[in-house]
Amino acid sequence: MIDAIYIAGSGIKCQQDYVNTISNNIANISTMGFRGSTPEFSSLFSATLTGSYFDPTSNDKGLGSQSQTTGLNMQQGILENTDNPFDLAISGEGWFGVQGQNGQIYYTRAGEFSIDTNGNLVDKSGNYLMATSGGNITATSLSADKMSQFGQ
């Protein structure tokens, strides 16, 4: 009887973790660059039963479940046209490198960029878009000629 209560309790907790993960996915579905998560579960442990030698797979009795991990969904999202000429998208693998005000480099799939007052491409948080060529990461900026084309 105690096993049944423990198994039911662990199942309810796993179901709550599943609902929380799916709710987070739904709440952030319109967030630029958002990657959904997939909850994964496993058996908590099992007890081997004795006396049944005909089918080796029937010798285990599950005694509950647990949330194992939450996998990041890395499938390609839908690419959409925007009115912003600085919006970028990555088709396939890859990440945008951005550098924060503190010098820390971050990676994102969100490609919503704009130009700051100095002509640098920045994301919504003010992080600078980085460019790479052969593993060298350097800041990018537009020339004064290009800036004038965009009214800057």
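The side chains of Glu 112 and Lys 124 meet in a salt bridge, with 3.5 Å from N to O; the term stands for a side-chain nitrogen of Lys or Arg within 4 Å of a carboxyl oxygen of Asp or Glu. Glu 112 sits in the loop between strand 6 and strand 7, while Lys 124 sits in the loop between strand 8 (121-122) and strand 9 (128-133), so the pair ties together parts that are 12 residues apart in sequence. Lys 124 is exposed at 70% relative accessibility, and Glu 112 is partly exposed at 26%. Here buried means under 20% relative accessible area, exposed means over 50%, and partly exposed is whatever falls in between, with a 1.4 Å probe and protein chains only.

Keep in mind that this is a predicted model, where local features need pLDDT of at least 70, side-chain atom pairs count only at pLDDT 80 or more, and totals for chains, interfaces and linings use all residues. Residues are numbered from 1 along each chain as its sequence is written, and side-chain values use heavy atoms, with hydrogens and water left out.

## The overall layout

Taking the protein as a whole, you get two helices and 10 strands. Reading from the N terminus, the order is α-β-β-β-β-β-β-β-β-β-β-α. Helices (H or I, at least four residues) and strands (E, at least two) are DSSP runs, numbered from the N terminus.

Of the 152 residues, 22% count as buried. The accessible surface is about 10,800 Å², and carbon and sulfur atoms hold 53% of that; these areas come from the Shrake-Rupley method with a 1.4 Å probe, and for residues only the protein chains shown count as cover. Among contacts with a separation of 6 or more, 47% are between residues 24 or more positions apart, a contact being heavy atoms within 4.5 Å.

## Helix 1

Helix 1 covers residues 2-27, which makes 26 residues. From first C-alpha to last it reaches 37 Å, close to the 38 Å expected at 1.5 Å a residue; that expected span is 1.5 Å times one less than the number of residues. Ser 10, Cys 14, Thr 21 and Asn 25 are buried in this helix, and its buried residues pack against strand 1 (37-43) and strand 4 (65-72).

Asp 17 and Lys 13 are four residues apart in helix 1, so about one helical turn separates them. An α-helix has 3.6 residues a turn, so residues three or four places apart point the same way. Lys 13 is exposed at 53% relative accessible area, whereas Asp 17 is partly exposed at 21%.

## An aromatic pair

How many aromatic pairs does a search of the whole structure find? It finds one. The ring centres of Phe 96 and Phe 113 are 5.4 Å apart with planes at 80°, so this pair is edge-to-face. For the cut-offs, rings of Phe, Tyr and Trp (its six-membered ring) pair if their centres lie within 6.5 Å; planes under 30 degrees apart are stacked, over 60 edge-to-face, and the rest tilted.

Phe 96 belongs to strand 5 (residues 96-99) and Phe 113 to the loop between strand 6 (105-108) and strand 7 (114-115), so the pair links distant parts of the chain, 17 residues apart. Both Phe 96 and Phe 113 are buried.

## A nonpolar patch and Tyr 107

Leu 72, Met 74, Trp 95, Ile 105 and Tyr 107 make a nonpolar surface patch of about 530 Å². Patches take residues with over 30% relative accessible area and no salt bridge, joining like charges within 9 Å and nonpolar side chains (Val, Leu, Ile, Met, Phe, Trp, Tyr) within 5 Å.

Tyr 107 is part of strand 6 and is exposed at 54% relative accessibility. C-alpha to C-alpha, Tyr 107 is 5.5 Å from Phe 96, though the two are 11 residues apart in sequence.

## Two loop residues

Is Asn 127 buried or exposed? Asn 127 is buried, with a relative accessible area of 13%, and it lies in the loop between strand 8 and strand 9. Not counting residues up to four places away in sequence, Asn 127 touches Val 98, Gln 99, Gly 100, Gln 101, Leu 121 and Val 122.

Gly 92, in the loop between strand 4 and strand 5, is partly exposed at 36%. Leaving aside neighbours within four places in sequence, Gly 92 is in contact with Gln 76 and Arg 109. Gly 92 and Met 74 are 18 residues apart in sequence, with 9.5 Å between their C-alpha atoms.
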